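Try each task before reading its solution.

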Amino acid sequence: MDEKLQLKIEAYLGGTLSQEEITLFEEQMDQDPQLAMEVQLSRDVNLHLKGFSSTDVIPDNEYTQKLRETLRNEGVAIKEAVKEAHKKYAKDTPGFRRRNFLMIAATIAILLVGTFALFNLRGTSPEKLYAQYYATEDLPSMIKRDDTTSALKEGVLAFQEQDYQMALSSFDAYLKSGVEIDPGVYLYQGAAHMELEAIEEALKAFDKMISSNSLDRSKGLWFKALAYLKAKETENAKSILQDIVDHPEYFNHSQAKELLEDL
């Protein structure tokens, strides 16, 4: 595509053509599908280089504002690269030039989609971060070989089957049974309450784990941080995560550091 036609496309997309010129250009596109395709490609590239100004799909917050600014800055360099590519291949055959234009456009699209895929994977909301870091695998194994009929086992099995109300009833029965209590039950209690959106009750259960003499008591801090995250109380979550980060021996120390950075 020659430079004159490229300028014509830019003028068309930029709205600087007269109505008569627009009509003639659109008739030309109707007769030349390849031109229409290149106009559409230019439109798509321009939309991306404007930094995704729409916030209907992507939230408008501090992170996305910085991301848009980065894209705008990189867009200048990309535009220059496109111009250089056009100059370099100005004497090539039309088919070869078109393929190069398509390759450039595809590369831009891949870079931009990849950037926003990273944005989505990292998660920028408490809900996304909670979903990313919460894992039932972090709960301790509570079922013992010689413990086949206890309320504790029934509670754990009910939890695994996602019957959280039944699980809580079984855990309450276990705590009232008079047997020596395994503090790990408080983690299951708290997790079940979180699943039922009962955050205050979850926090109470995790506090009991934290104040216990269990070697795994630092797990209570991790789950308490997640409970605050689920409740969108990010400052409280940060405070607990910082406590974990300050103690390398605590459970999920490295994950706590990553999560704190994401917040």
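## Exercise 1: Placing Ala173

In this predicted model, Ala173 has a relative accessible area of 39%, so it is partly exposed.

**Task.** Find which helix holds Ala173, and work out how far its C-alpha atom is from that of Ala151.

**Solution.** 
1. Start with the helix: Ala173 belongs to helix 8.
2. Now turn to Ala151, which is 22 residues away from Ala173 along the chain. Their C-alpha atoms are 6.3 Å apart.

## Exercise 2: A pair of helices

**Task.** Describe how helix 8 and helix 9 pack: what is the angle, and how far apart are the axes?

**Solution.** 
1. Helix 8 covers residues 164-175 and helix 9 covers residues 184-195; they pack at an angle of about 150 degrees, and 10 Å separates their axes.
2. Angles over 145 degrees count as roughly antiparallel, so helix 8 is roughly antiparallel to helix 9.
3. On the helix 8 side, the contact includes Tyr164, Leu168 and Phe171; on the helix 9 side, Val185, Tyr186 and Ala192 are among the residues involved.
4. By class, the contact residues of helix 8 with helix 9 are nine nonpolar, two polar and two charged.

## Exercise 3: Confidence

**Task.** Which elements have the lowest and the highest mean pLDDT?

**Solution.** 
1. For the protein, the average pLDDT is 78, and 66% of the residues score at least 70.
2. Helix 5 (residues 94-122) has the lowest mean among the elements, 54, while helix 10 (residues 199-210) has the highest, 96.
3. Residues 51-58 have pLDDT below 50, and this stretch makes 15 contacts in the model beyond near neighbours in sequence.
4. Where pLDDT is low, predicted coordinates should not be read in detail.

Conventions. Residues numbered from 1 in each chain as written. Predicted model: local features only at pLDDT ≥ 70, side-chain atom pairs only at ≥ 80, totals over all residues. Heavy atoms only, no water. Axes fitted to C-alpha atoms, helices over the stretch in contact; angles between N-to-C directions. Helix = DSSP H or I, 4+ residues; strand = E, 2+ residues; numbered from the N terminus. Parallel < 35°, antiparallel > 145°, perpendicular 65-115°, else oblique. Contact = heavy atoms within 4.5 Å. Nonpolar A, V, L, I, M, F, W, Y, C, P; charged D, E, K, R; others polar. pLDDT = per-residue confidence, 0-100. Buried < 20%, exposed > 50% of the residue type's maximum accessible area, 1.4 Å probe, protein only.
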